[in-house]
Amino acid sequence: MSGFDEMRAKGASLRFYNDGPAWDGVPAVALGTLAFDDPAAGAALLAEALVRAGGRPVLAPMDGDTWHAYRTVTQSDGSPAFLLEPAAHPHVAEALALAGFEPVAHYASTRLALDTPQAEPAPVEGITVEPWDGKDAQPLLEQVFAFAGGSFADKQFFKAITREQFLGLYLPLLPLLDPRLVFLAREGDGIVGFLLGYRDPAMPTRAVLKTYAGVRRGIGHLLAHHFHEAARGLGCTHVIHALMHADNVSLVRSGQHGAEVFRRYTLFGHRPA
């Protein structure tokens, strides 16, 4: 994550990241950790940040890049938050709108009852899926880093990070992961897909599918099926498919599983006219 400067005014504060991700090929500023007492105070500080950005595009909320916290809750059914979910920042969406920001990306989390009948996924030739054995955590993360860098590189707002930065982010999360809810798809000895999941400590009857990726069609469905079966075997009654981009096929697949949206999130942006 790039460095930041704190900006403060009466009733408002934020972090100004001068080196955010590119937005349609143009380097952007990112504004994160937004805290506003009311929409007007937030809008006033955001206006100052836009002046400081000097005509560059600005993304918010985003703590530097998409590897860190970004997005804000914009619709909810009131369900309790799950571990690692973006916070529902009071006044943020309204303040951003007042300051001239517009939604630039939408995301959703869905909930699936595990007693919902599911069709068996079609096998993918040459692919095997197995849970992580809980050993050699750092080498595993290094393989996931190498895989994720290529898998997510074409995503909007992607910003590359170093291996050391990646390990700094994910090694502290390892104690949260249940190896029985982490899956690897292999073709021969090579990793061609992965899924990271965990049980929510605040509600152990639900498991969270944090992220997954595969290099071939069908691998994601295969990984999700194994995750659902493992969660059911651990006594979970529901799973959460977390934080999917509205245009991502994973949201469509989640709906096909029978999952229902319970929270929506928005990333906002501002570009000079």
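These legends walk through close-up views of nonpolar cores and cavities.

This is a predicted model, where local features need pLDDT of at least 70, side-chain atom pairs count only at pLDDT 80 or more, and totals for chains, interfaces and linings use all residues. Residues are numbered from 1 along each chain as its sequence is written, and side-chain values use heavy atoms, leaving out hydrogens and water.

**View 1. The largest nonpolar core has 39 residues.** Such a core is a set of buried Ala, Val, Leu, Ile, Met, Phe, Trp, Tyr and Cys residues joined through side-chain atoms within 4.5 Å; buried means under 20% relative accessible area, with a 1.4 Å probe and protein chains only. Leu59, Phe82, Phe166, Phe194 and Leu267 have the most contacts inside this core. Its largest share, 5 residues, comes from H3, a helix in the DSSP sense (a run of H or I, at least four residues).

**View 2. Here is Phe166 with its neighbours.** Skipping residues up to four places away in sequence, Phe166 touches Trp67, Leu141, Val144, Phe145 and Ile161; contact means heavy atoms within 4.5 Å.

**View 3. The largest cavity holds about 100 Å³ of space.** A cavity is a set of points, on a 1 Å grid over the protein atoms alone, where a 1.4 Å probe fits but cannot get out, and lining residues have an atom within 4 Å of a point. Volume is the space filled by probe spheres set on the points, which are joined across faces, edges and corners. Among the lining residues are Leu84, Tyr170 and Lys210.

**View 4. The second largest cavity holds about 50 Å³.** Its lining includes His221, His225, His228 and His257. Helix H5 gives the most to this lining, with 5 residues.

Technical notes: Buried < 20%, exposed > 50% of the residue type's maximum accessible area, 1.4 Å probe, protein only. Helix = DSSP H or I, 4+ residues; strand = E, 2+ residues; numbered from the N terminus. 1 Å grid on protein atoms, 1.4 Å probe; cavity = no way out; pocket = protein on both sides within 12 Å on 5 of 7 lines; lining within 4 Å.
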